[in-house]
Each structure stands twice: as C-alpha cells, then as structure tokens.
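Good morning, and thank you for coming. Please look at the sequence and the structure on the screen, and we shall go through them together.

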Amino acid sequence: VSTGTDNSLEDGFRTNKIADTKELDYEVNLSTGSYTILFEVTSITNDYSRTTSMTLTTSTSFSNGFYILKETANGDTEVDLLTPDGFLIEGLMENVLGAPISGTPLNLSLTYNHGYINPDNQEMAQTNMVHVFSQNEFHSFRTEDMLETFNNETIKFEGTDPDETFGVILEDANGILCASSNGVYRLSTGATSGRIGLPSVSGDYSNFHYQGLSYGLMGDFAWNEDEHCLYSPYFGTPYEYELPSGLTQNNLECVASSQNFTGFTDQAWYLVEDNSTNRRALLIGSMNVEVVDLDEDSHLANADIVAGIGRDATIIYAVDDNQIYLYNFNEREESSEPITLPGLPSGETISYISNQYVCIMDDWGMSVVEEQSVNYLIVATESGEGYKLYVYDNLVGGVPDSQPAEVVESSGSVKAVRYLTLYASSIGMFGYFSGGTPYPFGD
C-alpha cells in the first residue's frame, strides 16, 4: 500500500506489504486518504513478474465536504459540514467542545499534511486540519474525527500570549503559515510537533487576507494592519506602488482579496478602501503590484460583498444592491447587467459568495486530474430564521449554467465556506509550481 508521491518510488510498495497470498484478506484500518494497492504475481518457473494496481479511498463523515463557518443568533462562532452526499451535519463546535466558540466568527481555514503530536501514541504525525477562528480564540481539529489538535493555549512552545489574536493557519508553497497580531510564523509540513516559536516576521497580520502564488517566495502577499499596505510575509517588506488621488495609506482597509490562475498567469488582487473618503482601488500583484483606480460609480466600488474566481476566468464577483455583477480585472471591464443564478429566488438576500475549487495535478504537474478536481460556486442567502446555501458545480467562466447541485438550510449566518478534499496527498510542489495554487486560501 502506498500513498501520494510514494507511488513514484521504484518498488516503493514493497515496504508496505499487506499480504503474500493469492486471495487478499485485508482489514482496512487506514487514515483518511487516497491509497494505491499494487498486486504482483511472479512465475515460479522463470521469475517473470507482472503488476497491476487499484485505488482505494478511505474517508469519514468529517474528511470531505464543505465546512461552513457561521455566526449564531447569540453572536458566537459555530461550524456546519455539508458532506458530498448532501447530508448537513449541524453544530460541530457544540458537539465537540460542548458549546459554540465564544466571540463573532473571524475566519475558517484548512491545512493538509499538518504536523501534530498524535495522542494515540504520543508520536509526531501529520494529518488534515480545519482551523476555526473567532475574535476571542481559535481551535484546530483533525478532520478525520474532529479531535482538537491546537488552540490558543497549545499552539506555541512558550505558552499563551493573552493579547495575541490569530487570523489564519494555512499551507502554501513554502509550508505551514500562521498569521496573528504578533506576526507571521512558519513551519514545515509533514510529521512535526506542529507548534510554533518566534515569528519570522513581526507586525499585525491578524487580518487574514493572505494570498500565496504558485511560484513561492517571490509571490506571497498579505495585508499588514500596522502599515495599511501590502507586505511580503516571507521577507517582511512592503511592496512598492503608488495610490491614486483620494486614497491615503494610513486610512486604507482591505475589503477583499483573492488569487487567480488563468492562462498560465498567476495573480493576486486586493480591493482596498479609504475609510475617510470611501474611495476604492484594486491592487493586482504578480511579480509587481499594479494599481487600478476604480470608477466611484462602478459596482465593484460600491459592492458590499466581493469575491474572486480562482481559475478559468479573471473575474471578480461584486454584489451590489443584492445583484451579482462581474468585473474582469485583466480587461478592467465590468458587466453592465447582473448575472442570473438558476434556482436562486429573486426575493432572497445574498449574504456570502465564494468560488471553492481544488485543482489536483498529475505526479509531474503536467495536467489536471479531472476526477479528483472540483470547481464550485457557493452562494449563501439569509433571512431572520437562518441561512440557505446554494452549491453550483457547472460553471462556465465562473457563471453557473444549471440548477444548484445542493441546497441546504440551517440556523445562523454564513461567514465562510471551505471545501476539504480527500486527495491531500496529491497536493504537492509540482501542483503549486506548474498548475497554480491548488485551492483558495480565503475570501
């Protein structure tokens, strides 16, 4: 049995023999993931051998699907999970922790191959994790069984800083990144303790707008709350760009951000607003940062909900007056008419929108493995009684061309949605450097 990149190792399967008989009788007791089982037969007369293989996928109720961060009626943080078969598991935090996390929701993020100390044997191991952040605290969980792995009191070697607020924990081309009000922490993926020491870069990065492009060190961006500008969280230095008139750096706030890989071009964009003049500009980053001065009457300049498309089109969704407009940031053009989403009643109020995708590349990073990759548009609406979540899976240039694949509803208000894949072992360096970032880091 072998997993992930181990499949490319010559004779790698022989190090994990599960049987040496003609009839396989094997009890499957494997961690969540995608495995390859290889069968080998050897002639007893001339030692001629042949092999064949099959794929075995193991999962639990928590290891695959849409994690939904929501705010409860009391203003606290809760999480629901929509599984691939359309079943909605509600109130994970209450079930796991005994109550919702205190404080309003701040962020939700995922990491794959994240190190931790496995309590079953007290050894260093790696697993997939979901990280839930409120304005008061955060908690990390092993997605196989929702075992808590980290929180404010256990993430650091030296213990808790009561004034530190964590905003995101994610995995990019350089490893695991933890961002907080104290700075940016780095650690490697794989079997480690998963705990952090001193920040590699100091500053307030608790605003979770981080975008890491596929080529690594020269393409990571984060919004620095202290300096009100784009910084490289790896080098700890600001990017150079000139703001248009009507925008002052010290007054800037980041409204939204996203990354995009289209036509073999990898880019990140940040929508910023001057909180004094309410003027907005779009910062587009690749090797350098370009600044787009937005028309004050444009939908993007007035939208209260903004999200990006990760692949297939250089489009930004702008929800203005409860209508969805498209802005092409390569062409600097905006649609004059809103798009219509099939199956979404006109009377419902849109509260959240997100493109959730996973792009899995082959072992050499040459082509997309379609059967393991997904591309969804998520739209949430809300009323006084709760939320409805619409999941669209047939997108053409970021626009659905069919009815939603799933519609579910629950209590609370949606603040973020993240899609967790089973094929984490296929997210490797080749995928980052040749196929773009394999999944979105945030909204």
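Let me begin with a question: is D220 buried or exposed? D220 is buried, with a relative accessible area of 0%. Here, buried means under 20% relative accessible area, exposed means over 50%, and partly exposed lies in between, with a 1.4 Å probe and protein chains only.

A word on the source is needed before we continue. This is a predicted model, in which local features need pLDDT of at least 70 and side-chain atom pairs count only at pLDDT 80 or more, while totals for chains, interfaces and linings use all residues. Residues are numbered from 1 along each chain as its sequence is written, and side-chain values use heavy atoms, with hydrogens and water left out.

The term pLDDT stands for the predictor's confidence in each residue, from 0 to 100. The protein chain has an average pLDDT of 88, and 89% of the residues score at least 70. Over residues 1-10, however, the pLDDT is below 50. Beyond near neighbours in sequence, that stretch has 17 contacts in the model, a contact being heavy atoms within 4.5 Å.

Now the chain as a whole. The protein chain contains 3 helices and 33 strands. These are DSSP runs numbered from the N terminus, helices being H or I with at least four residues and strands being E with at least two. Of its 443 residues, 53% count as buried. Among contacts between residues at least 6 apart in sequence, 53% join residues at least 24 apart. The chain exposes about 20,000 Å², and carbon and sulfur atoms supply 45% of that area; the areas come from the Shrake-Rupley method with a 1.4 Å probe, and for residues only the protein chains shown count as cover.

Let us return to D220. Which residue is its salt-bridge partner? The partner is R186, and the closest N and O atoms are 3.7 Å apart. A salt bridge is a side-chain nitrogen of Lys or Arg within 4 Å of a carboxyl oxygen of Asp or Glu. D220 lies in strand β16 (residues 220-224) and R186 in strand β13 (residues 183-187), so the pair ties together parts that are 34 residues apart in sequence. R186 is partly exposed, with a relative accessible area of 23%.

The structure holds 11 salt bridges. In one of them, the side chains of E158 and K156 meet at 3.5 Å, N to O. K156 also forms a salt bridge with E164, where the closest N and O atoms are 3.0 Å apart. Through shared partners, K156, E158 and E164 are joined into one network.

I turn next to the aromatic rings. A pair of aromatic rings is described by the distance of the centres and the angle of the planes. Rings of Phe, Tyr and Trp (its six-membered ring) pair if their centres lie within 6.5 Å; planes under 30 degrees apart count as stacked, over 60 as edge-to-face, and the rest as tilted. A search of the whole structure finds 11 aromatic pairs. The rings of F133 and F138 have centres 5.4 Å apart and planes at 20°, so this pair is stacked. Both F133 and F138 are buried.

Why is the pair of Y210 and F441 described as tilted? The ring centres of Y210 and F441 are 5.8 Å apart and the planes are at 40°, so the pair is tilted. Y210 lies in strand β15 (residues 210-212) and F441 in the segment after α3 (429-435), so the pair ties together parts that are 231 residues apart in sequence.

In strand β19 (residues 252-262), 8 of the 11 residues are buried, so β19 is largely enclosed by the rest of the structure. Strands β19 and β20 (residues 265-274) run antiparallel and are joined by 10 bridges; two strands pair if DSSP finds at least two bridges between them. The bridge partner of C254 in β20 is V272. The hairpin of β19 and β20 has 2 residues between the strands, and G263 takes a positive phi near 60° there.
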